[in-house]
Amino acid sequence: MGRELEGNVERAAGYLERFKAEPLGHFIGGKAVSPGGRDLFDNITPIDGSILNEVVGGTAEDIDLAAVAADAAFEAWVGTTGQRRREILHDVADGIIERADEIALLESIDTGQPIRFMSKAALRGAANFRYFADRAPEARNGVSLPDTDHINYTSRTPIGPVGVITPWNTPFMLSTWKIAPALAAGCTVVHKPAEWSPITASILAEIGQAAGVPEGTLNVVQGFGETAGKSLTEHRHIKAIAFVGESNTGSLIQAQGAPTLKRLHFELGGKNPVIVFEDADLDRALEAVVFMIYSLNGERCTSSSRVLVHESIYDEFTARIAERAGNIRIGHPLDPSTEIGPLIHRTHYENVLSYLSMAEEEGVTVAAGGGAADTGEGGLYVKPTLFTGAAPEMRIAQEEVFGPVLTAIPFDDEAGAVRIANNVEYGLTGYIWTRDVGRAHRVARDLEAGMIWVNSENVRHLGTPFGGTKASGIGRDGGDYSFDFYMETKNVSIAYDTHTIPRLGT
Ligand code: NAD
């Protein structure tokens with residue numbers, strides 16, 4: 001074991017100690033709550049299958065307690081000035097930075113995501129809080145719309161207590177995308193983190209409390225989707241649900257939220273294309289293609305899991321990807337040199353492996369990887385994989401695998417590339433590599449996706465709209481788009497007393 005890995009393992013064990021001492025419970029009304037006599041479940045690390053800690057499985061009663069606490073806290077939080085919310089949320093960001101090492105190490109052993117990415121994810125969480133903290137004082141602002149006989153103006157008010165339901169791939173960072181704008185807007189929050197990665201949500205709640213987020217304003221209920229998650233989506237006090245996860249779960253939540261008319265924001269799955277034209281800067285394109293599928297274990301909604309390559313450069317370019325994939329370092333996620341760690345959970349790992357055998361049955365060529373990787377620790381490792389010779393209609397080219405698995409498809413012209421790119425049920429992101437400006441604009445216009453990057457990997461600007469089309473989502477995050485979701489817009493129309501009011505009964 002290298003010295004840095006050893007140090008990381010030791011520090012992670014130290015941070016974990018208190019979670020081992022007693023089951024991880026909820027955080028409701030400003031207090032850690034661990035209901036006794038309840039079902040506990042084991043939180044297992046994908047590094048070697050050992051138990052990290054026990055977690056309380058939240059029930060409908062726990063959700064009710066949290067929703068009631070969020071409802072009770074709403075009036076005071078709405079009444080807190082935007083300036084004060086700004087200060088508190090900056091203090092949350094400071095708290096995240098102070099505990100960034102703990103968050104990154106625990107997230108890494110909880111999810112299997114390599115520490116090289118998780119250390120940045122913790123800091124990005126802080127950046128999300130700062131960004132929305134600075135916007136809190138103006139969150140209520142609207143527009144002025146003068147007309148002939150009336151002046152109209154709009155303003156925004158927070159919608160009320162909201163539910164945030166998050167997945168396990170980069171749990172801490174993703175949750176801050178939702179929780180920071182919700183709190184900045186003046187909403188109170190009940191967060192239900194993913195059952196496979198429960199730890200860091202409780203740390204964010206602690207940081208919030210230490211930073212002065214009032215009791216009941218940020219609550220966390222641990223547990224499973226079918227129980228705690230479902231109850232949250234059905235609760236009458238909860239006005240909106242911000243959900244990140246699978247498209248099928250989104251459908252369930254839509255149905256569950258219908259009786260209480262929930263406002264919904266969905267960030268769902270993807271099968272994103274990266275299109276490499278023959279005139280592209282192929283060296284830069286190669287770096288981006290490799291990064292966008294093999295970073296974060298490929299467990300990334302915006303990963304470019306289909307590479308569409310012009311037929312004139314297909315063989316050479318895919319050979320270069322295969323060479324890189326073969327060199328990627330698989331290993332313990334706390335080793336700073338590791339590029340791919342173990343996949344989150346045995347169920348997910350087996351699902352990814354099933355796609356690998358299915359692809360071979362479909363007749364693709366395995367250009368790199370293609371199976372499990374044995375690192376000798378018994379962890380859930382999958383080799384970075386590249387399939388070539390895939391046809392667009394194959395399942396490996398259509399379905400989200402959510403692992404380090406790339407499918408390469410050749411195309412003959414621009415129209416063909418767009419047709420293949422759009423021929424999936426998803427529409428989250430698209431990546432275009434070309435030096436032809438006109439072509440870049442045409443393809444960006446024609447791709448069915450919420451976010452397009454030209455000559456770039458996914459680089460996020462927090463003010464830009466983030467979200468997907470088709471089965472990839474409903475609604476947008478980022479900047480003012482987030483406030484539109486967490487707030488109600490009200491229009492006030494005032495007459496100049498000049499217009500004729502229609503007269504009845506004269
Ligand atoms: P998932 O849908 O299985 O679970 C996500 C969350 O929903 C978990 O907290 C889970 O407990 C909860 N849940 C499950 N059933 C529920 C129900 N009936 N009611 C309420 N809550 C319920 O997703 P996952 O496997 O944890 O995450 C992977 C998925 O997330 C992938 O499809 C990925 O593309 C997607 N994702 C999307 C984005 C994006 O921005 N578009 C970002 C990250 C991940």
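Helix α9 gives four residues to the shell around the ligand, the largest share (helices, H or I, at least four residues, and strands, E, at least two, are DSSP runs numbered from the N terminus). The model is predicted, so local features need pLDDT of at least 70 and side-chain atom pairs count only at pLDDT 80 or more, while totals for chains, interfaces and linings use all residues. Residues are numbered from 1 along each chain as its sequence is written, and side-chain values use heavy atoms, with hydrogens and water left out.

**Shell around the ligand**
- Among the 29 residues around the ligand, those that come nearest are Lys-192, Glu-195, Thr-249, Leu-268 and Glu-400 (near: a heavy atom within 4 Å).
- At least three shell residues come from each of domain 1 (3-268 + 472-490) and domain 2 (273-454), with bounds from an automatic or database domain assignment.

**Polar contacts** (pairs of N or O atoms within 3.5 Å)
- A side-chain N or O atom of Glu-267 is 3.0 Å from a ligand oxygen atom.
- Backbone atoms also take part: an N or O atom of Glu-246 lies 2.9 Å from a ligand oxygen atom, and a polar atom of Gly-245 is 3.4 Å from a ligand oxygen atom.

**Burial**
- The ligand taken alone exposes 850 Å², of which the protein buries 93% (Shrake-Rupley method, 1.4 Å probe).

**Contributing elements**
- Two or more shell residues come from each of α8 (225-234), β10 (240-244) and α9 (247-257).

Note on methods: A polar contact is a pair of N or O atoms within 3.5 Å; within protein, one must be able to donate a hydrogen and the other to accept it, and residues adjacent in sequence count only if both atoms are side-chain atoms.
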